[in-house]
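Colleague: I would like to go through this structure feature by feature. Please give the general idea each time, then the case at hand.

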Amino acid sequence: MSYQALYRKYRPKDFSSVKGQEHIVTTLNNQIRAERIGHAYLFCGTRGTGKTTVAKIFAKAVNCENPGENGPCGECAMCRAIESQTSMNVVEIDAASNNRVDDIRQVIDEVQYSPAEGKYKVYIIDEVHMLSVSAFNALLKTLEEPPSYLIFILATTEAHKIPLTILSRCQRYDFKRIRVETISERLRELLDTEGIEAEDRALQYIAKQADGALRDGLSLLEQCISFYFGQKLTYENVLKVLGAVDQAVYHELMEALVHNHVEDVIAVVNNVTEQGKDLTQFVNEFVWYLRNLLVVKTADEVGQLVDMSEENLQELENYAEQVEVDMIFRYIRILSALANDMRYSNNKRVMLEVALIKLCRPQMEKDYESLINRLHNLEEANDSLQETIASGALTAAVPGQGGTLSGDAKAVPEIPKKAIRPEAVPEDVREVVANWQQILRRMNPVAKGMLNDVTLSVSDSGELIMAFSQATPADFFKKEENKEELIEAAGQLTGREIRVEVRFVENRQELNTFPELRNIIKNVEIEMME
C-alpha cells in the first residue's frame with residue numbers, strides 16, 4: 001500500500017477517537033441512539049478542527065447496521081462501503097469548485113431517489129459558503145421539505161457568509177479550536193504507535209504552532225520527523241525545521257527595546273536573518289510574546305493564561321516591571337500592522353528594522369502611547385543619572401573651584417549664576433509661579449508628566465521661562481497647542497495672562513544659572529511671615 005500522510009492514516013473512525021469536540025460528538029451520538037436525527041446540520045469552525053471527519057462518522061453511524069456507544073461499528077457492510085467511498089449513500093461535494101446553481105440542481109434531482117441500501121442518504125457539502133446566491137436559493141426548497149431519508153451536512157469556516165434562510169433550517173454546531181495539551185497528547189499517541197522518540201517540549205511547541213488545528217499539528221509533525229528521519233525529535237530540531245526562534249531571542253529583543261538600544265535591536269534581526277528564520281513568523285511570535293507580557297502586567301493569576309516554562313515566565317515578570325501598559329499596547333499596534341504589511345513586501349528585513357527603530361524612538365510619533373513611552377525614557381534617564389551621582393562617578397561643580405568630573409574628563413568651567421531680585425519679577429509671573437501646583441492639577445496627565453523636571457525663571461522682558469534639561473518635554477511645550485493649554489490653565493486659576501518662553505538647556509550647569517522662581521517666591525513669603 002502506498003504511503004499515507006499522518007492526518008489521513010490516523011483519521012478518527014468513530015466518535016471516541018475525535019479529540020477536543022466532546023460537546024458535539026456527545027450530542028450527535030445521543031441523537032442517533034434516541035432516533036431523533038435531524039435533516040440538516042451546519043458544522044462551523046476553523047480549519048483542521050474535525051468538521052468533515054465528524055460528518056463522515058455521523059454518516060456511517062446513521063447507516064450502521066450495529067451502532068454502538070461510540071457510533072459506527074466499522075465492521076458491517078455499510079460501514080466498510082462508506083469507509084472505502086464506494087457507497088452511494090454518502091456523497092461529498094466541494095462547494096469551492098461546484099458552486100453553480102446547475103451543480104445544486106443536479107443534487108436536487110438525485111435526492112428524489114431513496115437509497116437502495118441503508119437508511120439514509122447523506123450529502124456532505126464542504127465550504128458551503130462558496131455557493132452562489134442562486135445555488136443557495138435552489139438548495140433552500142429541499143431544506144424546507146426534505147424526504148425522510150435525506151440528511152444534509154453543511155461544513156464551513158465562514159458561517160457569516162451563509163444566508164439566514166439557510167441557517168434557520170439547520171442545527172448549528174460550532175467546532176472549537178483544540179487545546180494545546182489535547183493536540184500534544186494526540187501527537188504523543190501517534191508517535192508511540194509509529195515507534196518514534198520525541199521530547200515533550202518539542203511536541204508542545206508543534207501543538208502550539210498548530211493554532212488549535214489538529215490536522216495542522218499532524219502536518220507539522222510529519223515535516224519534522226521526515227527531516228530528522230531515524231533520529232529522536234528534539235526541541236532544537238523542531239525550531240530548525242519550522243524556522244522558529246527560541247524564547248531567549250525574544251527576551252534579548254525585549255531587553256534592547258526597553259532600553260532603546262538600536263544597535264542591539266539590529267543585531268538581533270541580523271542574527272535571526274542569518275539563521276534563515278522566517279521574519280513574518282518571527283514578528284507574529286513576538287506579538288504573542290508581548291501578549292503574554294501584557295497578561296503578566298495586568299492579571300493577578302497568570303498560571304493558566306500564559307503557556308510557558310517557569311524560567312521564561314520569571315523573565316517575563318522582570319520585564320513587566322520595566323514597561324508601562326501603554327508601551328506594550330504601542331509595541332503590539334506597530335508590530336501587528338507590520339506583520340500584515342510584510343506579507344506583500346519583498347523587503348521584509350528593512351520593514352522589520354524600521355519598525356523596531358520606531359519602537360526605540362517614540363519621539364517619531366505623536367500619539368498618546370508614544371508620549372507615555374517618552375515619559376518612561378525620561379524617568380529611566382533620570383534614575384540613571386541619580387545612580388551615577390550617588391555612586392560618586394559624577395561630582396558636581398564646587399563654587400569657586402571650577403566644575404570637575406571624575407575620570408579623565410576635562411574640567412568644565414563654572415558658569416556664574418545670574419542673580420535676580422524678587423521685586424523684578426512681574427506680578428502676573430509671580431502669581432502663576434505661586435500657584436504652580438494648582439495649575440498642574442488642571443493639566444492632562446501627559447502634559448503634567450512633562451513638567452516634572454522644569455525650571456521656572458523669568459526673562460529680561462518679563463516672560464515666564466520654562467527651561468528643560470531634556471529635549472522631549474521641551475519639544476512638547478514648543479508646540480503652540482500644548483503651550484496654550486498651560487497658559488489657559490494658568491489664566492483660569494489666577495486671572496493673569498502670561499507670556500511663556502520654552503528653552504532646552506542641555507548643559508546642566510548652564511541650566512543652574514537660571515534662577516528658580518519657586519524658591520525665590522517661597523523665601524519672600526517666609527520673610528514676610530517673620
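**Strands, a helix and salt bridges**

Modeller: Start with strand β4 (residues 150-156): seven of its seven residues are buried, so the strand is largely enclosed by the rest of the structure. This is a predicted model, in which local features need pLDDT of at least 70 and side-chain atom pairs count only at pLDDT 80 or more, while totals for chains, interfaces and linings use all residues. Residues are numbered from 1 along each chain as its sequence is written, and side-chain values use heavy atoms, with hydrogens and water left out.

Colleague: What do "buried" and "strand" stand for here, and which residues point each way from β4?

Modeller: Buried means under 20% relative accessible area, exposed over 50%, and partly exposed in between, with a 1.4 Å probe and protein chains only. Strands (E, at least two residues) and helices (H or I, at least four) are DSSP runs numbered from the N terminus. From β4, L150, F152, L154 and T156 point one way, whereas I151, I153 and A155 point the other way; all of them are buried.

Colleague: How many bridges join β1 to β4?

Modeller: Two strands count as paired if DSSP finds at least two bridges between them. β1 and β4 run parallel and are joined by five bridges; F43 has A155 of β4 as its bridge partner. Strand β3 (residues 121-126) also pairs with β4 over five bridges, in the parallel sense. There, K121 stands opposite L150 in β4. From β3 the chain crosses through helix α6 (residues 133-144) to β4, in a right-handed β-α-β crossover. Right-handed means that, with the strands pointing away from the viewer, the path from the first strand over the helix to the second runs clockwise.

Colleague: How many residues does helix α2 have, and which of them are buried?

Modeller: An expected helix span is 1.5 Å times one less than the number of residues. Helix α2 (residues 22-34) has 13 residues, and its first and last C-alpha atoms are 18 Å apart, close to the 18 Å expected. The buried residues in α2 are I24, V25, L28, N29, Q31 and I32. They cover an arc of only 155° around the axis, which puts them on the same side of α2; the arc is taken from the directions from the helix axis to the C-beta atoms.

Colleague: What covers the buried residues of α2?

Modeller: Their cover includes β1 (40-44), α3 (51-63) and β5 (171-174), where contact means heavy atoms within 4.5 Å. Just after α2, E35 takes a positive phi of about 55°.

Colleague: How many salt bridges does a search of the whole structure find?

Modeller: A salt bridge here is a side-chain nitrogen of Lys or Arg within 4 Å of a carboxyl oxygen of Asp or Glu. The search finds 17. One of them joins D102 and R105, with closest N and O atoms 3.7 Å apart. These two are three residues apart in helix α5 (residues 101-110), so about one helical turn separates them. D102 is partly exposed at 44% relative accessibility, as is R105 at 47%.
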